Amino acid sequence: MSGPPSELPIAVLDALVPRAHRLVVNRRGSTVWEVESHRGRYAVKVGCPIEATAAWPAQPWTALAPGREGAVLDRLGFDDFAYGEWERGTWNFQPWHEGPDLYGLWKPCREPGSSSAPHTSVALGCVEALAELHAKGWAHGDVQPAHFIVGPERTHLIDLALARGGLVPESYDFPFRGCLVHYEAPEIARSVLATGEAEPTQEADIYALGVSLLISATGWRAVEYPDDAPRPVQREAVANGRRRPVRVPGELGDLIEAMLSRAPEDRPTIREVREALS
Ligand SMILES: Nc1ncnc2c1ncn2[C@@H]1O[C@H](COP(=O)(O)OP(=O)(O)OP(=O)(O)O)[C@@H](O)[C@H]1O
Ligand SMILES: [Mg+2]
C-alpha cells in the first residue's frame, strides 16, 4: 500500500478520541486534519513519502516532516502537542489556531480599486510571531502568508517542520532544500541552484516576511517571472534579484523595501522591524 493515509493514525485516535474531524489539506506527501476532541481542537499532520513519477523525483523527506516539526516544538518548549510514527512516515498533533491567514485576511486590499489599506496592526502581529522564534535563536525557513494565522488574541506562525536552531533527532532530520520560490531570499535560491540545499537563516526569514506582506497586500510577487515558469527558472530570477516595480504605499512600504534588500546584511532585524512598526 502507498499514498496518503485515508484515516487518522491509530496513535492519534487513541490520544485524542476525536468527536469530529475535517480534512483540511491533502497534498502529495502531507495530509492535515482539524480534529475536535474532549481535549480541545487540534491540527493533525501526517506525512508520507512522495514516490517518483515521470514528472518529479522521489521525495522521501515529506514522510519525516511532521515528526521533525514535533521535535522542533519540543525543543522550543511548546505545550500540548505530540508526535510519532505510523506505517509510512511520521505524524504530529498540535493546538488548532482559529482565524484567517494573512493572505485571506488582506483579500479586500487586493481587490481592484480597493480603498482598503493593509493594517499595520496585522503586520505587527506577524512580526511579533516571528520575533518570538528569532529571540530563541531559531530561523523558520518557510515563512509565507498561509503560515501566519491571525487569531483574536495573537498571531501564530505555524509549520515549523523546516526550522533550524537546535538539535533535532537524526532519524527525523533532513536537509533544507528551499521553500516556495516566491518567498525565497536570493542567497537561498542561489545556494539551492548550486548545491540543491541551503541553510535557513533569520535574514532569509526577514526577506520572506517582506514578500509575504507584499503579496498579501498587493497580489504581486516581488520578482518578475512568468506564472508557469519551471522552478529552476523562478529560482534563477530570484537569485538574480530581478525585482518588479511594485510596492506597498506608505511607511509599511518603505519597511518592506528594506526587508527585500538583496544583501542579507542590509535587511533589518526582526527587532528593528518591530520597532519601526510600533
Ligand atoms: N495549528 C494549526 N492551526 C490552524 N490551522 C493549521 C494548523 N496547522 C496547519 N493548519 C492548516 O493546514 C495547512 C497546512 O499546514 P502546514 O503548512 O503545516 O502543512 P504542510 O504540509 O507543510 O503544507 P505546505 O506544504 O503548504 O507548507 C495550513 O496552511 C493551515 O491552513
Ligand atoms: Mg506548510
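## Before you start

Residues are numbered from 1 along each chain as its sequence is written, and chains are lettered from A and ligands numbered from 1 in the order in which they are written. Because the model is predicted, local features need pLDDT of at least 70 and side-chain atom pairs count only at pLDDT 80 or more, while totals for chains, interfaces and linings use all residues; side-chain values use heavy atoms, with hydrogens and water left out.

## Two domains

Domain 1 and domain 2 bury about 1600 Å² between them, with 66% of it on carbon and sulfur atoms. Buried area here is the accessible area (1.4 Å probe) lost when two parts are put together, summed over both. In domain 1, the residues losing the most area to domain 2 are Trp61, Arg68 and Leu76, together 43% of what that side buries.

## A salt bridge across the domains

Between the domains there is 1 salt bridge, defined as a side-chain nitrogen of Lys or Arg within 4 Å of a carboxyl oxygen of Asp or Glu. Arg68 forms a salt bridge with Asp173, and their closest N and O atoms are 2.7 Å apart.
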